[in-house]
Structure formats: structure tokens, C-alpha cells
Amino acid sequence: MTARSAVKAALTSQSIETPSWAYGNSGTRFKVFAQGGVPRSPREKLDDAAQVHRFTGVAPSVALHIPWDRVDDYGALAAYAKERGLRLGAINSNVFQDDDYRLGSVCHPDAVVRRKALDHLLECVDIMDATGSRDLKLWFADGTNYPGQDDIRARQDRLAEALAAVYERLGDQQRMLLEYKFFEPAFYTTDVPDWGTSYAHCLRLGPKARVVVDTGHHAPGTNIEFIVAVLLREGKLGGFDFNSRFYADDDLMVGAADPFQLFRIMYEVVRGGGFTPEVAFMLDQCHNIEPKIPAIIRSVMNVQEATAKALLVDREALAAAQAAGDVLGANAVLMDAFNTDVRPLLAEVREEQGLDPDPIAAYRASGWAERIVAERVGGEQAGWGA
């Protein structure tokens with residue numbers, strides 16, 4: 001197999017999960033912006049997700065968010081997804097949108113509130129059993145706003161206790177992915193603020209617990225690819241939540257703020273052996289002012305382009321330059337790959353798969369956008385908290 005065909009084969013095998021909530025209405029802290037044709041139910045979200053997969057060929061799974069995607073029969077929802085060429089992916093818990101969680105959820109000083117939060121996490125594992133999902137995604141908004149508000153170490157003890165209970169409930173083929181975020185909504189301490197905290201808890205729990213890296217959850221200037229390299233080396237990278245940030249947790253389209261950073265991350269994934277099903281690639285974005293489905297398609301394409309460039313790095317030449325201490329030469333090898341226009345290569349890959357070489361144009365020509373605006377009249381549109 002030639003180097004080019006190996007790159008094409010790897011790109012064909014790529015799988016990027018889309019999040020159900022990205023198809024719903026979202027906005028800023030000041031306003032949620034409604035759009036025409038937005039889904040009113042989890043099934044309509046899957047209908048839209050099927051269009052993304054139809055035109056990209058690499059988005060076969062959809063992450064659910066509970067309770068936003070709560071239904072009476074999760075097995076039936078999984079069957080509905082399968083009929084549309086999809087499968088249900090990670091189950092995301094929600095212990096941050098209830099008044100009881102004002103002072104935290106699993107880290108709350110009140111044992112009654114902690115039990116309520118734990119019951120929800122265990123419910124999510126029940127849902128995984130019904131949907132056939134492998135991954136439980138955990139993100140906690142827990143933290144404090146003022147020094148002395150609560151005992152920092154005690155909160156870590158409470159967190160560890162809850163995680164251990166959930167871990168014990170997981171099936172043999174199920175995993176726990178623990179996310180981190182350095183601030184917001186808590187401003188003094190956050191209970192899972194960084195990859196080290198997440199890693200420490202996952203290491204204590206065991207092999208079914210891994211760290212998930214949200215690319216928007218870091219301070220400015222953070223070297224995310226270093227984090228990725230270390231977690232891969234330790235066998236503890238469970239997956240990504242791809243998005244972009246300029247200032248805080250902006251949840252913009254992946255690659256929008258810094259496509260070079262996305263390339264550097266994907267190079268470490270390729271170099272570290274992380275381009276496998278063991279590392280989940282998922283979008284975690286909110287499309288506030290742009291049309292949602294084409295924005296998700298564009299995001300998938302951005303990941304594909306960064307991956308293609310990472311796969312094109314001449315690793316032999318890079319290793320030789322590094323061994324020789326050739327600083328400029330080594331940097332040039334990476335820059336040559338990053339500056340390569342991989343769009344013709346990806347168009348060729350899509351055509352060989354029977355897809356349109358231009359997914360955005362194909363979607364626009366399909367009439368789906370106009371159809372859903374005309375058909376989805378009445379009812380309540382999905383969005384934050386729904």
C-alpha cells in the first residue's frame with residue numbers, strides 16, 4: 001500500500017460523533033436564538049444527524065444528553081437511529097440544571113443532594129444498557145465561588161465516592177469518560193478543573209475510566225497537544241469534545257479559532273496510536289447564529305482536514321531532523337504537512353465512497369433545510385434545558 005492509499009484508508013475509517021444538542025436552539029447567556037426547522041424531539045434530531053452522515057460518510061453516531069433527550073423507550077430510539085443508518089453514542093449526564101445543584105451535585109455538602117445526583121448518573125448507565133452505548137460522559141459544574149465556602153479536600157472525597165459508585169455499576173464493555181473545565185460556572189475552585197485532576201480520579205478507579213479532552217476547556221496558551229500526548233502514553237485518553245474558543249468556553253466550530261492547534265492535536269493522536277476506536281471523536285458545539293446542519297457538516301470536514309494533514313506528516317524525516325537536532329528542519333516537516341491543501345484528497349476519498357465531493361453544496365442542493373422549515377411547524381423546539 002502506498003503512503004497516499006494508506007492516508008485515504010485511514011480517512012475512510014474515521015468516525016466523528018455528533019451531539020444531539022447541537023441540532024437544537026442555543027445562544028448566549030442573554031438570549032437563546034430560535035431558527036426555523038429546529039427539531040422538536042430526539043427523533044427529529046436523529047433525522048438531522050442522518051443528513052450529516054449522508055453527506056460526510058463519517059458521522060454514524062449521535063451522543064444523547066439526559067434529560068434533554070429523555071424518551072419512554074430507549075430501545076425504540078436506538079432502533080429508530082439504526083433505520084437511519086446511525087447508532088446512539090455516548091450518554092451525557094446533566095447534574096447542573098436543577099436548583100438543588102446551586103452548591104454542587106456529587107460534591108454538594110448535603111448528602112441528600114449528592115444522592116439525587118448519583119441516582120441520575122446511575123439512571124444514565126441504565127440508559128446505556130438500553131441503547132447499547134459504550135461511553136458515559138461526565139461533566140460536573142461543581143465548585144465554589146468564595147474562599148472558605150466549602151472544604152476543598154472534602155469535595156474531592158465526595159467526588160471520588162460518587163465516581164466509584166458509578167464505576168461499579170458499569171458493564172464489562174462500558175466506560176466512564178471524565179471531562180474537566182478550568183472555570184465556569186464556579187469562579188474560585190472547580191472540582192474537576194484540569195486534566196490532572198481527571199486523570200488522578202480515573203487512575204484510582206481503573207481501566208474503564210478515562211479522561212475526555214474538551215478543546216475549549218483550557219486557559220489561553222495551554223498546550224493541549226502535550227496533554228493529549230501524555231494521556232495517550234498512559235493509556236488514559238478516552239476521547240475528545242471538539243470545539244473552538246477565543247475567550248472562554250465558546251463552543252464554536254472546531255478549527256475556527258486555531259486550525260493549526262487542531263492539526264497539532266491530531267498529529268499527536270496519530271503519532272501516539274490514538275487513531276483507533278478506543279479514542280472517541282465527538283463534536284461538542286452550540287451553533288447560535290449559523291444554520292445548524294451545515295455548521296455541523298463544516299465541523300466534521302474541519303476535523304477531516306486536520307486529520308489528513310496529520311497523516312501526511314513525513315514521520316521518518318521528522319524523526320531524522322529531531323535526532324540531528326535540526327530545529328528548523330523538524331519544524332519545516334510539520335509546516336509542510338500543515339500547509340498542504342488536502343481538500344482535493346478528501347474530495348477524492350468522498351467520490352470513491354460514492355459521496356458528493358462537496359458535502360456543504362450537496363446538502364444545500366438536497367432541499368432538506370427547506371423541507372424541515374415547512375414541516376416542523378408547531379410544538380416546542382429543542383434547546384437548552386429541553
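Predicted model: local features only at pLDDT ≥ 70, side-chain atom pairs only at ≥ 80, totals over all residues.
Figure 1. Gly235 follows helix 7 and has a positive phi, near 70 degrees. Within helix 7, which spans residues 224-233, the buried residues are Ile224, Glu225, Ile227, Val228, Leu231 and Leu232. These residues lie on the same side of helix 7, because they cover an arc of only 155 degrees around the axis. Their cover includes two helices, helix 6 (195-205) and helix 8 (259-271). It also includes two strands, strand 10 (209-214) and strand 11 (237-242).

**Figure 2. Strand 8 and its pairing with strand 6 and strand 10.** Strand 8 comprises residues 175-178. Arg175 and Leu177 point one way from the strand, whereas Met176 and Leu178 point the other way. All of these residues are buried. Strand 6 (residues 135-138) pairs with strand 8 in the parallel sense, over 4 bridges. In this pairing, Arg175 of strand 8 is the bridge partner of Asp135. Strand 8 also runs parallel to strand 10, to which 3 bridges join it. Here Leu178 stands opposite Val211 of strand 10.

Figure 3. Asp191 counts as buried because its relative accessibility is 5%, and the cut-off for a buried residue is under 20%. Which side chain makes a polar contact with the side chain of Asp191? That partner is the side chain of Arg155, at 2.9 Å. When neighbours within four places in sequence are left aside, Asp191 is in contact with Cys107, Asp142, Gly143, Arg155, Gln156, Leu159 and Thr197.

Figure 4. The structure holds 0 disulfides. Cys202 is buried, with a relative accessible area of 0%.

Definitions and conventions:
Residues numbered from 1 in each chain as written. Heavy atoms only, no water. Buried < 20%, exposed > 50% of the residue type's maximum accessible area, 1.4 Å probe, protein only. Arc of directions from axis to C-beta. Contact = heavy atoms within 4.5 Å. Pairing = 2+ DSSP bridges. Disulfide = S-S within 2.5 Å. Polar contact = N/O pair within 3.5 Å; in protein donor to acceptor, adjacent residues only side chain to side chain.
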